Amino acid sequence: MHRLIVGPPGVGKSTLIQKLLQRLDRPVYGFYTQKELPEASGEAYVYIHDPNRSRTYTIGNRVGVCSDAGAKGFPDAFNRAAGLLRNIPKGSVIVMDELGVMESAAAEFCQAVLAVLDGDMPVIAAVKPKETPFLQKVCSHPQAHIYPINETNRDDLFQTILQAVEEENQV
């Protein structure tokens with residue numbers, strides 16, 4: 001079963017994922033995204049990172065930009081990052097932090113995400129609560145279990161998800 005933590009920005013999805021990964025004590029593959037602080041123009045770039053490498057902030061891993069006009073993804077950059085979801089060693093856990101609207105036009109990346117969800121390695125993902133065809137496929141995947149997160153339940157959610165993962169591993 002894959003764990004999808006769904007909630008708005010800033011509610012604690014990434015923090016919860018980090019706590020879970022520390023307790024699972026398994027190799028981690030997949031990706032993290034990070035939005036930088038806005039520049040003087042008001043634009044804030046978003047970067048994608050390999051969890052097993054030092055974070056870099058280059059045009060090569062810049063996958064989108066946020067501004068007052070909204071969010072815009074860079075499909076070519078997302079498609080290059082699809083490799084982060086391939087050839088993952090057995091016994092690993094896959095992190096996808098985070099899935100949102102920017103990658104919707106990146107067909108190769110979206111296919112890689114859905115292929116991972118079709119697999120048998122556990123996935124822990126942060127998902128924005130947005131309505132796009134891609135996110136609907138992700139959230140309705142038969143192996144996905146959705147965990148809505150908010151400021152009220154975020155502390156209890158750690159124990160809930162950890163217990164579910166531990167019980168699943170005992171079967």
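**Strand β3 and the cysteines**

In the β3 strand, I48 is the bridge partner of T33. Strands here are DSSP runs of E with at least two residues, numbered from the N terminus. The model is a predicted one, so local features need pLDDT of at least 70 and side-chain atom pairs count only at pLDDT 80 or more, while totals for chains, interfaces and linings use all residues. Residues are numbered from 1 along each chain as its sequence is written, and side-chain values use heavy atoms, with hydrogens and water left out.

β3 has partners in β2 and β4. Strand β2 (residues 28-35) runs antiparallel to β3, joined to it by four bridges; two strands pair if DSSP finds at least two bridges between them. With strand β4 (residues 62-67), β3 again pairs in the antiparallel sense over four bridges, and G64 of β4 is the bridge partner of V46.

How many of the six residues of β3 are buried? Six of the six in this strand (residues 44-49) are, so β3 is largely enclosed by the rest of the structure. Buried means under 20% relative accessible area, exposed means over 50%, and partly exposed lies in between (1.4 Å probe, protein chains only). In a regular strand, side chains alternate between the two faces of the sheet. In β3 both faces are covered, with A44, V46 and I48 buried on one side and Y45, Y47 and H49 buried on the other.

As for the cysteines, the structure holds zero disulfides, a disulfide being a pair of cysteine sulfur atoms within 2.5 Å. C66 is in none, and its nearest cysteine sulfur, that of C110, is 17 Å away. C66 is buried at 16% relative accessible area. C139 is partly exposed, at 28% relative accessibility, and its sulfur lies 13 Å from the closest cysteine sulfur, in C110, too far for a bond.
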